[in-house]
Amino acid sequence: MNKHVDIAASHGGSIAFAKNAEIQLDASHISLVADAVGTPFYCYSPDAMTLAFQELSEALSSVGASICYAVKANGNLSILQLLSRLGCGMDIVSGGEMERALEAGVPASKIIFSGVGKSPSEIAKALRAGVHQINVESPAEFQLVADIAASLQLRAPVALRVNPDVDARTHEKISTGKKGDKFGVALSDVAALFDAAAERSEVDMVGLAVHIGSQILDLAPYRSAYRVLADLVCDLRARGHAVNRLDLGGGIGIAYGSNTAPDVSEFAHIIADTVGDLGCKLTVEPGRWLVGRAGALVATVLYTKQAGDRMLAVVDAGMNDLIRPALYGAIHPLEVVRSTLGGEGQSYGIVGPVCESSDIFGTYDNLPLLSTGDLVAFRCAGAYSASMASTYNARDLVPEVFVSDGRFRIVRRRQTTAELMTLEKDTIWQNIVPG
Ligand SMILES: *Cc1c(COP(=O)(O)O)cnc(C)c1O
């Protein structure tokens, strides 16, 4: 277990590694940390995360919306602890994420359980823990939650996640709010489910939820989705149902280098315009926006080589450490932290060591000359990077490190291959049919 230092106390007033929600990569410090922990490693600025949270809370204070961080963006215990201490709740999508949030000291009363495929045991655990809300995504899940609550003699606080049939205008692999997407309850099923809930004393139908997608840069789809929600609230109230809570989802995008990120005060205006007057308790569930810019993946250049008419730099981080380029065609801005040869105007394809052709981070121009031992950092790697890592090619999970104010703290140490192999040792044959 990592030593739990009080992060808030350790800031000591001066913030050296974040002037805004983005990590500042001080080259000499990053080099020293790289020497100390080895590469690759994820480098996070807790100060930048704090600033992001504060900026969003301020923007949302006018509409009184609370924030639940989407743990799947980065579930590191120290990050959960940091955000929780700032007053943030958590949005989880699995029993494992619930265990993490509870371990980090997040009260169950500040946890919302989302996700399209909750298992019976996960639902039971969440009910026993006393989570704030379970966002149900289908009539079948509604029945199951009600049945489990009845068998445990507990009351389930349920919100229905609806599919508002809105195009989030983001990458197809992270769009979740169009009719036909796997997420949410069809609009046409919502009223019947509220009617059914009224018949089940073990269900407390508290409201509605939407989440239309991720890395959303154009805020217009939020307006459309929240209008759908507002209409639904009016319809349901007209049928005699109480609708007290609205979970407005996450998905606010960040600038990965070239694009422009939306303005959160504009996001707050949209909320005020569409659902601000309904008298509902509002929640948003951002993941990427809170932590994405605060992290970088630092890697060492292993080799450079000519491939056809282009130069490649092979680095020691791979698609198993940062899969977004391979999965979504994402390009992470690259910063050269240490270049022995210097210069400028060079173009490199930056590739990883994994035996897959898709293990390529992209082609980057205007770089200095790269050579063995140089250090590079992929920026905007605080979200969906460590949390999506795998051990493919028997590559161990790499360290996660907080950097703040001239100090560093390893918040997850490097995994060892021996630890992974332990799970595969002392195996035995067992009869399938007992006896
Ligand atoms: C993934 C997810 C989020 C967070 O998405 P971001 O794009 O990281 O803000 C919020 N709510 C739900 C239900 C999710 O599945």
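These legends walk through several close-up views of one predicted model. Because the model is predicted, local features need pLDDT of at least 70 and side-chain atom pairs count only at pLDDT 80 or more, while totals for chains, interfaces and linings use all residues. Residues are numbered from 1 along each chain as its sequence is written, and side-chain values use heavy atoms, with hydrogens and water left out.

View 1. In the side chain of His 211, an N or O atom is 3.4 Å from a ligand nitrogen. Gly 251 uses its backbone instead: an N or O atom there sits 2.7 Å from a ligand oxygen. On its own the ligand would expose 390 Å², and the protein buries 94% of that (areas by the Shrake-Rupley method with a 1.4 Å probe).

**View 2. Strand 12 pairs with strand 11 and with strand 14.** Strands are DSSP runs of E with at least two residues, helices are runs of H or I with at least four, and both are numbered from the N terminus. Two strands pair if DSSP finds at least two bridges between them. Strand 11 (residues 295-307) and strand 12 (residues 310-315) run antiparallel, joined by six bridges, and Tyr 303 stands opposite Val 314. Two residues lie between the strands of this hairpin, where Gly 308 takes a positive phi near 60 degrees. Strand 12 and strand 14 (residues 342-351) run parallel, with three bridges; here Ala 313 faces Ile 350.

**View 3. Two loops are worth a stop, one with Pro 40 and one with Gln 153.** Pro 40 is in the loop between helix 2 (27-37) and strand 1 (41-44). Is the peptide bond from Thr 39 to Pro 40 cis or trans? It's cis, with omega near -5 degrees. Gln 153 is in the loop between helix 7 (139-152) and strand 6 (156-163). Its phi is positive, near 55 degrees, in a residue other than glycine.

**View 4. Asp 365 is in strand 15 (residues 360-369).** Leaving out residues up to four places away in sequence, Asp 365 touches Gln 346 and Ser 347 (contact means heavy atoms within 4.5 Å). The side chains of Asp 365 and Ser 347 make a polar contact at 2.3 Å. Within protein, that term means N or O atoms within 3.5 Å, one able to donate a hydrogen and the other to accept it, and residues adjacent in sequence count only if both atoms are side-chain atoms.
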